[in-house]
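Below are a few friendly notes to read alongside the structure.

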Amino acid sequence: MELHIRNVSKTYSSGVQALKDVTLTIPVGMYGLLGPNGSGKSTLMRTIATLQEPDEGSIRLGELDVLRQKDEVRQTLGYLPQEFGLYPKVSAESLLDHFAVLKGIAERRARKEVVEALLRQTNLWEVRKQKLGGYSGGMRQRFGVAVALLGNPTLMIVDEPTAGLDPAERVRFLNLLSELGENSVVLLSTHIVEDVSELCTRMAIIDRGEILLEAEPLRAVDELKGRIWRRVIDRSALPEVEREHAVISTKLLAGRTVVHVHADASPGGGFEPVEPDLEDVYFTTMAGHHGGRPSTRIGSLRAGREQPEPTA
Amino acid sequence: MNVTTMKWLEIVRFELIYQFRRRSTWFIFALFLFPLIGVTNDDLIDARNREILFHAPLFIAKSSVLMSVIALLVLAGVAGDAATRDVRTRMEPLMHAAPIGRAAYIGGRFFGAFAMAAILLVVVPLVHMLLPLFHPDLGAETLGPFRTAAYLQAYFLLIVPNAFAATALMFALATLVRHTLGSYVGAALVFAGVQFNIDFVAETLGRWDLAELLDSTGLIALEVMARTWSPVELNERLIGSEGALLWNRLLWLAIAFAVLVLTYRRFHFGGNADAVRWWQRGRLRVAGPAGRRAAGAGAGGFEGAVTQRSAPVAVPRVPRELGTAGRVRQTLAIARDSLREMATVWSWLVVPFLLLRVAAILGELNTMGAGTPVLPTTGRVLGPFEDTPPPIEILMLMLPVLLAGEVVWRERDANMQALADAAPVPDGVRFVGKLLGLWLMIVAFHGLLMLAGVVSQVVSGWYDFDFALYFQILFGLELVDPLVSGLLALSVHVLVNQKHVGHLVVLLLIVGLNGFAPLLGIEHPLLLYGSEPGWRHSPISGFGPFVGPVLWFELYWAAWTLLLALVARLFWVRGVERGMGERVRIARRRFTGQTVGAFTAVLGLILLVGGFIFYNTNILNAYHRTTEGPERQAEYERSYGRYEGTAQPELTATELNVEIYPDRREADVRGVHHLVNRTARPIDTIHVAVSSQVETGGIELGRPARAALVDDDLGHRIYVLEEPLQPGDSLRLSWQVRHDLNVQRMIRGMEASLEQFTERFGPYPYKVLRMVEYPAAGGSLHAESSAIWYQELFSLFDPARDPRRIDLPFAVTAHEVAHQWWGSQGARVEGLALLSESLAWYSAMGVIEQEYGTEHLGRFLGFMRRSYLTPRSRADVPLLRAADSFLAYRKGPFAMYALREYVGEERVDVALRRLRARYAVPEPPFATSLDLYRELQEVTPDSLQYLPGDLFERNTFWELETRQATALQTPGGEWQVSLDVVARKVVVDTVGAETDVPMDDLVEIGVFAPAEAGEGRGKPLHLAMHRVRTGPQTITVTVPQRPARAGIDPRHLLIDVEPDDNLVDVPDPSSRSNHEAPGDLPLRVRLPGYAVSRPGSTSQSWSSSLSCRRQKTSLPTHVTATTSSMRRSSSRASR
């Protein structure tokens, strides 16, 4: 079973074009959708999760038309939204039970079994009687995971799932996802490059609604071999370096600035070759050296890795 | 400008701009314009019809206050949003982390909301000013002179302070409960406050002065002005000249500030997410160690598992059921979830609501019988449902609307919609599930209403619960409407997709449009949403014919609502469908063949049911628009007015043969009129008025005649359904009631009255006297020749529990029996009421005195005197021209009683006997009040001739006051009492001009011994007439023992609107202290024209429900548009 996204476009009434002619094919396994905030990731995820309609294009999940056969899609769907709330005055156990009924688990004993298993799996069993209003961000996120896993979904869509998790929780959660990916289509959107590099067999980079790159992470890294160069400079020298070289990212290291540039041959002048990683693939793509974007945005991308959005 | 002020201003500015940019603000504002223009337009028509100037300051003020109360529905949204937006949008941490003080934050937000309100409400005086421009036909005689001051005062004295106080209250409640619902509760409190102050503080306690202060809107202060001002003042005087209103404004500004300060002190930055509610404390403490362990585990997250790694994802594979059974389970789960949410949000209201409802029922049971408690039968306890009074009506209306909003927005309010909407639940299942939850909540609410009824009965010691009736009404007839309203509210909320606007649209649909539509001439019940013919339940006749029509109408409106629900289902919002365009596109996709089928079926149902109703209202029965009445009247006058004064024969006798078919609600009347020509000339044309309400068959004139004109359409009714007298000369009483307690009282009242009146005024003029109870909820009585009719409530009066210790059923019976002597003599001119009602009450006083003694009569007169407590202008017609109920039922009897006490009962009775003798034959000319007056003057001694004049001919007020009374013991052991009294006599004309009249009148002076236990007032030591002049003077009397109280006119024989200052305590000379009399109120706000009661005393204004009408009898049959009407009848007149 594969998920086929064909020529999907979406423009909001405010005039913002969230998706531009997006075409992707997503096989069984973990698929990473990488892009900065506001790139259109969530719009794409919501559209696949049947919560939004594109202006144009089609989406198919195996035999199902996602845009028409919404109810059928929902029966196989697990969706973890980027941000969500929970009824504050209801206990975790009781709300998960409610969702279990909504997902069609009608029989009481089966429901009890599933709810218990999921609460244990997400380590919420001890606090199952507590009201959800008192849950921390991480606990809420795990509860969302439990809801998404109800009903053994064959299409799992997780939108920025690691944003609220601490490092240990994140590892555990990603493990869980990768196991699920053995039999299901798992689409993971993130702006954290490590999430993708550690897990995904395939990935796409999206920015401003456009797919800039669709690739296997390892192969993409391979392709950059010998083209990424590094130099440590003073901050004051940065404008000059940017003028002369195709800078893809800058980072601070012990008070000095580390510059990565993309060049097919050594740019000289103190630059040394580095072993590229997925982050270099991401920044190279964003800077337009990969995937066909005109190289006009180099300067503006210097900020490097961004922080997660504050939950609004 | 310091930094704090700058920040404060910035918050105000941002708030204002934010609110102004919100589309919903403007939408809601536009919705507010509907009632505003409607009410103002009504005012304009009112001004024209009642001859009040439209630009009169008081008129502008009342209309402004009314609108500022209606505007609360709009302002609640603004204030609630300002108070809770940061909570809702989760922007709280950002705002609270900013370097803004609490005062600037709260103050800024509040002033932003208040400024918004003040700016929006400018439209109220504006519409009032501009609307006359659209009615060029109205001239200066309707509008009056335009005065800027009147509008400025209305805006700055009423609208702005009201907006300030209400916004403060709503803002505070919303801030404290961190939910916009808080501001709606605040708005409801303001509504309830007005109602409470009018109904309880003013009307029941008689404390109008207190009510004026306590009413947050100023409406009661204006009401007092309206009642006490003279006609000239009503049109010209500015409201700002009244002290009570200014005090009220200051008080409420102070309260508003106090509320804001309290909010400021209770408000914590960072919210109170961690705050433990008091009812959770115990639970948490018990949960202590285990809870901590649990919390630790929770915080640890996946970590524990990480170290052990990796138990595979083991979600058990369980069967899923997504067929019909699964759908049903889903529906029930959603219903349960909605119900749970509502129950948790509203459960705290259960006990307060129950208490309020029980208090309201008990209050009503105790006041509906003019102060005599009424037996709490189930029918009475549920009485309010027949025609729901405002507070409960508003609640019942708001409940489904507010709950529907909460239900529709449940997931989105919790920001959980993405999780919920991705679940495999069809839209229809979710819709029905929510509807079911809402319905269950409404059913539960009705259960609560039933519980309140039962509790009220138990509290009153009544255990005869009629559960069948409870179920029939609360879970039958009265349940359908709220359920349909719930579906309507749910559908509108789905369609409108904006919570606050949704609430307003629903209210507008249910209330507003129906109030507005008649202005546009739309009034057919099939076109006014939710209209139904209404029902009544009577222990005698049960539900009668009402159930069928009510259910047909309810089915009709349910069908319309279902249609709306089908549309709403198409537009059901799922996921993030934002724009209207997208919603329409999705709706079009959802519009399948199945949907078409459903639409067709529902439309068919509407046509079928609507057609059946129309067949009943318009074809089986005649349908008349309200405007048709005046139109037809005008047409009648144009066509036949010229025959007025044409010589006609006189009707001397009538024989009627009436066949009543109750099951068919038909009556067949055949009759013969005997006409005699008593004029000097021959008459060759006979005019017969027929009624357009009935079918009139052939009319035969007993001699050959030709019909020159037959216009049954414009005819008018001449039937008088008086039954001919039964043969037999014994007194026969027939009864249809179950409470023998009151039957005995009434029989005793009839017997005592018959006996005394026969002695005083002559023999009983008929052979039979019947008292008949008929099925109607009210407590009013009618007296007809030889028959007295009364409604069911009257039989439920329970005087044994009356705290005032008076026997109202006995007294009212005596009054009705007295009508057998007083009623048929009077001509239909001004002053008729004096001849019938006043004389009937005067006569009844004698029976009460004879049966129960002078003390009981005194208490009864005290009860009747309570209506003086209602604010009332002193400008009035004299009693000889009495027409309104106050003059007829109160002032008239008191004048007769005063005359009796001055000239003696026998002399007054002589005058009354002479009057009866002169008008014994019921033929013209009939008596007028002038004839009574002449007879009364005749029996009054020369020394008192001024008195009948002051009582009847002029509108005279005595202002009598005792300033001080002192007592000294004489050597002989007696006590010499000196009273410093002040007296004044004024005559007030009909426009309020007062003229001082020199006074040299006989006034009673009383000195009383200390009251014994159980006595209201001590034994009189001295009670005699003294001559009293205008101005201050000292009167000295000697009494045998130590006096306690003394004063002028202690029995209130003369008309004095401040009766409380007549008596004072006589200080004990041995103690030398001059303490305040306990019976007097040291702090008292005086208002012109009416008196203030003592605290603790209960009073009743004599409501019209007990007024006894003599003139007209209406058939005790309810005629409704659909099913019941009298259709067949014929009449015959012969000469």
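1. In what sense do strand 3 and strand 8 of chain A pair, and over how many bridges? In this predicted model, strand 3 (residues 29-34) and strand 8 (residues 185-190) of chain A pair in the parallel sense, over six bridges. To find your way in, look at A:Tyr31, whose bridge partner in strand 8 of chain A is A:Leu187.

2. Now the sheet in chain A. Six strands form an open sheet with mixed pairing, in the order 6-7-8-3-9-10. Strand 6 (77-80) and strand 10 (210-215) of chain A are the edge strands, each pairing on one side only. From one strand to the next, the twist averages 15°.

3. Helix 6 (residues 167-180) of chain A lies across strand 3, strand 7 (155-159) and strand 8 of chain A. Relative to strand 8 of chain A, helix 6 runs at about 145°.

4. Helix 5 (residues 137-149) of chain A spans 19 Å from its first C-alpha to its last, close to the expected 18 Å. Of its 13 residues, 11 are buried, so helix 5 of chain A is largely enclosed by the rest of the structure. Among the buried ones are A:Gln141, A:Arg142 and A:Phe143. After helix 5 of chain A comes A:Gly151, with a positive phi near 80°.

5. Finally, the contact between the chains: 58 residues come from chain A and 50 residues from chain B. Helix 17 of chain B gives the largest share of the chain B side, seven residues. That side divides into 28 nonpolar, 10 polar and 12 charged residues.

Notes: Residues numbered from 1 in each chain as written. Chains lettered and ligands numbered in written order. Predicted model: local features only at pLDDT ≥ 70, side-chain atom pairs only at ≥ 80, totals over all residues. Contact = placed C-beta atoms within 7 Å. Helix = DSSP H or I, 4+ residues; strand = E, 2+ residues; numbered from the N terminus. Nonpolar A, V, L, I, M, F, W, Y, C, P; charged D, E, K, R; others polar. Expected span 1.5 Å × (residues − 1). Buried ≥ 20, exposed ≤ 12 C-beta atoms within 10 Å, placed from the backbone. Pairing = 2+ DSSP bridges. Axes fitted to C-alpha atoms, helices over the stretch in contact; angles between N-to-C directions.
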